[in-house]
Amino acid sequence: MLGGFSHGSAGIAWALHELAGEFDDRDLRELAGRAVDFDRRLYVPADGAWRDLRPEMAGTDAYPALWCHGAAGIGMSRLLIHRGRPDERLADEARAAVALVRRHGFGHNHSLCHGDFGALALLDLADRTWPGSGGHDEHAGAVVRDISETGLRCGLSNGIRMPGLMLGAAGTSLSLLRLAAPADVPAVTWLEPPRGEDG
């Protein structure tokens with residue numbers, strides 16, 4: 001069991017919370033709460049960050065700020081749950097995640113999974129929830145300038161380019177479209193449904 005949105009408990013917590021609401025199921029709601037509690041046990045208050053449980057990170061003080069297994073995904077989970085079930089503790093955890101992502105979530109690569117556009121997804125959701133809290137537009141401008149100046153960096157090492165959604169150029173292209181037309185392009189990182197012609 002890992003923390004994080006796509007690889008671990010934060011994404012599971014949000015999915016279970018959505019199912020609990022859809023079916024008005026108390027057992028699913030309890031399971032969602034247990035997944036949130038698991039993430040909370042990873043939190044290090046002195047650092048405002050969540051420990052990374054991946055085996056290769058054992059014995060380190062690394063606190064990732066990524067969407068897939070770090071603060072960006074954990075904060076997103078907290079904000080999504082908070083929108084459906086307002087809770088000040090969830091809100092505080094989301095704010096801590098936003099702060100960490102703003103400090104350390106950029107400059108690795110441009111991917112949705114563990115790059116700049118995954119970090120931007122959290123800041124976007126934070127600004128939607130609490131206007132001005134995420135600083136999305138400022139960071140988005142910096143990411144676009146970086147792509148213009150240095151070229152696209154996918155989520156694989158050694159400069160390998162790939163066409164995929166979460167690690168590659170397709171996700172970056174979709175994210176750039178979303179920056180250009182946020183009212184028309186849904187957020188894939190939290191499975192926002194497509195918008196019809198009626199909006």
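Which residue has its charged end over the ring of W130, and how far is that end from the ring's centre?

Author: The model is a predicted one. In it, R95 places its charged end over the ring of W130, at 4.4 Å from the ring's centre.

Three aromatic pairs are found in a search of the whole structure. One of them joins F5 and W67, whose ring centres are 5.4 Å apart and whose planes make an angle of 40 degrees, a tilted arrangement. F5 belongs to the segment before helix 1 (9-23), whereas W67 belongs to the loop between strand 2 (49-50) and helix 3 (71-84), so this pair ties together parts that are 62 residues apart in sequence. F5 is buried, because its relative accessible area is 10%, under the 20% limit that the term requires. W67 is likewise buried, with a relative accessible area of 7%. Together with W14, F5 and W67 form one aromatic cluster.

Charged side chains supply a further set of contacts, and the structure holds 16 salt bridges. In one of these, E93 meets R40, with the closest N and O atoms 2.5 Å apart. E93 is in helix 4 (residues 88-104) and R40 in helix 2 (residues 26-41), so that distant parts of the chain, 53 residues apart, are linked by the pair. Both E93 and R40 are buried. Another salt bridge joins R128 and E192, at 3.2 Å from N to O. Because R128 lies in helix 5 and E192 in the segment after helix 7, this pair ties together parts that are 64 residues apart in sequence. R128 counts as partly exposed, at 36% relative accessibility, while E192 is buried, with a relative accessible area of 17%. Salt bridges with shared partners also join D37, D39, R40, R78, R89 and E93 into one network. R54 and E56 form a salt bridge as well, their closest N and O atoms being 3.8 Å apart; E56 is exposed, with a relative accessible area of 55%.

There remains the largest pocket, whose volume is about 250 Å³. It is lined by 17 residues, of which D124, H136, S175, R178 and L179 are the closest to its centre. Helix 5 (116-129), helix 6 (136-150) and helix 7 (169-180) each contribute at least two residues to this lining. By class, the lining comprises eleven nonpolar, three polar and three charged residues.

Technical notes. Residues are numbered from 1 along each chain as its sequence is written. This is a predicted model: local features need pLDDT of at least 70, side-chain atom pairs count only at pLDDT 80 or more; totals for chains, interfaces and linings use all residues. Side-chain values use heavy atoms; hydrogens and water are left out. On a 1 Å grid over the protein atoms alone, a cavity is a set of points where a 1.4 Å probe fits but cannot get out, and a pocket is an open set with protein on both sides within 12 Å along at least five of seven lines; lining residues have an atom within 4 Å of a point. Grid points are joined across faces, edges and corners, and a volume is the space filled by probe spheres set on the points. Helices (H or I, at least four residues) and strands (E, at least two) are DSSP runs, numbered from the N terminus. Ala, Val, Leu, Ile, Met, Phe, Trp, Tyr, Cys and Pro count as nonpolar, Asp, Glu, Lys and Arg as charged, and the others, Gly among them, as polar. A salt bridge is a side-chain nitrogen of Lys or Arg within 4 Å of a carboxyl oxygen of Asp or Glu. Buried means under 20% relative accessible area, exposed over 50%, partly exposed in between (1.4 Å probe, protein chains only). Rings of Phe, Tyr and Trp (its six-membered ring) pair if their centres lie within 6.5 Å; planes under 30 degrees apart count as stacked, over 60 as edge-to-face and the rest as tilted. A charge sits over a ring if NZ of Lys or CZ of Arg is within 6 Å of the ring centre and within 35 degrees of the ring normal.
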